[in-house]
Amino acid sequence: MPDFQLYNSLTREIEPFAPADGHTVRFYACGPTVYNPAHLGNFRTFLFEDLLRRVLRMRGWSVEQVMNLTDVDDKIIKRATEQHKTIRQVTDPVIVTFHADREYLRIQRAEHYPRATDFIPQMIDLVSRLEAKGVAYKAEDGSVYFAIDKFPGYGKLSQLDTREIRAGARVAQDDYAKENAQDFALWKAAKPEDEASEAVWDSPWGRGRPGWHLECSAMAMSILGETIDLHAGGIDLVFPHHDDEIAQSEAATGKPFARFWCHGEFLLTDGAKMAKRVGNVSNVSDLRANGVSAAALRHFMFSTHYRKQLNLSGEALEGSIEAVRRVGDFAERLERERGGTSALAEAAETLLVESTTAFGDDLNAPRAMGAMFEFITAANRELDKRGTDAEALARAREAFRQVNAVFDVIPERVVEDAALSRWVESQLAARTAARQRRDFAEADAVRKALEEKGIAIEDSPSGTRWKKVR
Ligand code: AMP
Ligand code: ZN
């Protein structure tokens, strides 16, 4: 097996990666804040995590992945207040949309999707542990804060200059800039709008609600354990979110929180970060309206390395639509062919070696994608020779299957056609059997069922042929 290496944001180096127990990768990915449908920028990060997950599995490890759903935070409460709703009334439908969009984009289901509001006792417990260790304190405003000067190494992920640390100064909001590296809120005393939107719980410090950073530490540790293998998110989460997660978790346990930290770069539109605030977002429903398939979007996202910025443009998407059309045509051809050549088997071997090497080199998807297209060109050339080597063909199918199991870029139409043709073949077999036992009523019924699905059949001495007529 080739080495598997990943860039670790904590050390700022590419390092060999393997799960601590040699078997299961304990993987936490910061999920969406569910007050609005996720936009394609968010999905660039979730697709990078899907790629990572699939590559880890291709490498032979099993993956236990958590993606949390942040269903209580400043932005959600603001939205609920504006709409005179409870936070659950805001977040429930957004979670339904999130999963529909995720499935459309073929992002594999994680093992766990914890909602923050289902883990309040674990969060309260974590704050109590921090208080007992003397790194958390209740302030005059009734909220509980983390004392950053009590945690040596605070800011180690973002490599915050210690001179920037302003001990004693406090920041209450969930998101803030580096210039505001101050004691941050773990537990926020209830405000009237929190009560009105049902974003409050009883705690040893009075009624209140958790801070955003605390949510992830509590959910990650209670589901995956105190030291996890991999923690991922978008690059904007490095500070303060991930530095605060590290501070809370490590101050409580005295153990390293995550062995590897991986961050994906931004998706841009016209050179600016795609963000709600900027007003330049598009989402999955826009894609669907414009006929951009999941396959094309995945091709677009994976054609740039996850640590490089990527600009969304109509032109680039057109290119990806064209590229996956080629992949789809090839997939169909591979199914149709009956034999290959020894050079086809060699091309399959090259594809496997080059793609595993590329994926193992800090997830170099663009290079693996290049290897796949080179394989398609070489394989088409070999298939034109009408070889008879069934073993070579089987190897080509298997190599292509393995690489596409990571990319998942065969267009919907082709996937649907393959399912349709399996169904038609089974119907035709049933019809032949009916005719053999002279049950012509049944045979006619099968023909009718096929016609209703737009399939025309034609009997000939060499067997029955079928085609899709609409
Ligand atoms: P949020 O719902 O804001 O908590 O974000 C969910 C995930 O999307 C986080 O991992 C963010 O870092 C990521 N994200 C937000 N905007 C972008 C963007 N323009 N490009 C890539 N990732 C993003
Ligand atoms: Zn998080």
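Proline 240 lies in helix 7 (residues 238–253), where helices (H or I, at least four residues) and strands (E, at least two) are DSSP runs numbered from the N terminus. The peptide bond that leads from phenylalanine 239 into proline 240 is cis, with omega near 0°. The structure is a predicted model, in which local features need pLDDT of at least 70 and side-chain atom pairs count only at pLDDT 80 or more, whereas totals for chains, interfaces and linings use all residues. Residues are numbered from 1 along each chain as its sequence is written, chains are lettered from A and ligands numbered from 1 in the order in which they are written, and side-chain values use heavy atoms, with hydrogens and water left out.

Two further backbone features occur in loops. Aspartate 408, in the loop between helix 13 (390–407) and helix 14 (412–436), has a phi near 55°, a positive value in a residue other than glycine. Arginine 438, which is found in the loop between helix 14 and helix 15 (440–452), likewise has a positive phi, of about 60°, although it is not a glycine.

Ligand 1 sits in the largest pocket. On a 1 Å grid over the protein atoms alone, a pocket is an open set of points with protein on both sides within 12 Å along at least five of seven lines, and a molecule sits in it if more than half of its atoms lie within 2 Å of its grid points. Of the 17 residues around ligand 1, those that come nearest are Thr33, Thr45, Asp236, Leu267 and Met274; a residue is near a molecule if one of its heavy atoms lies within 4 Å of it. By class, this shell has six nonpolar, eight polar and three charged residues, with Ala, Val, Leu, Ile, Met, Phe, Trp, Tyr, Cys and Pro counted as nonpolar, Asp, Glu, Lys and Arg as charged, and the others, Gly among them, as polar. Helix 1 (40–58) and strand 10 (228–234) each supply at least two residues of the shell, and helix 1 gives the most, with four residues.

A backbone N or O atom of leucine 267 lies 2.8 Å from a nitrogen atom of the ligand, a polar backbone atom of methionine 274 is 2.9 Å from a ligand nitrogen, and for a backbone N or O atom of glycine 41 the distance is 3.0 Å. The protein covers 91% of the 500 Å² of accessible area that ligand 1 has on its own, as computed by the Shrake-Rupley method with a 1.4 Å probe.

Strand 12 (residues 267–269) is joined to strand 13 by two bridges, and the two strands run antiparallel; strands pair if DSSP finds at least two bridges between them. Threonine 269 has alanine 272 in strand 13 as its bridge partner. Three strands form an open sheet of mixed pairing in the order 13-12-14, and its edge strands, strand 13 (272–273) and strand 14 (310–312), each pair on one side only.

Strand 15 (residues 455–460) and strand 16 (residues 463–468) pair in the antiparallel sense over six bridges, and a hairpin joins strand 15 to strand 16 through two residues. Within this pairing, alanine 456 stands opposite lysine 467 of strand 16.

Notes. A polar contact is a pair of N or O atoms within 3.5 Å; within protein, one must be able to donate a hydrogen and the other to accept it, and residues adjacent in sequence count only if both atoms are side-chain atoms. On a 1 Å grid over the protein atoms alone, a cavity is a set of points where a 1.4 Å probe fits but cannot get out, and a pocket is an open set with protein on both sides within 12 Å along at least five of seven lines; lining residues have an atom within 4 Å of a point.
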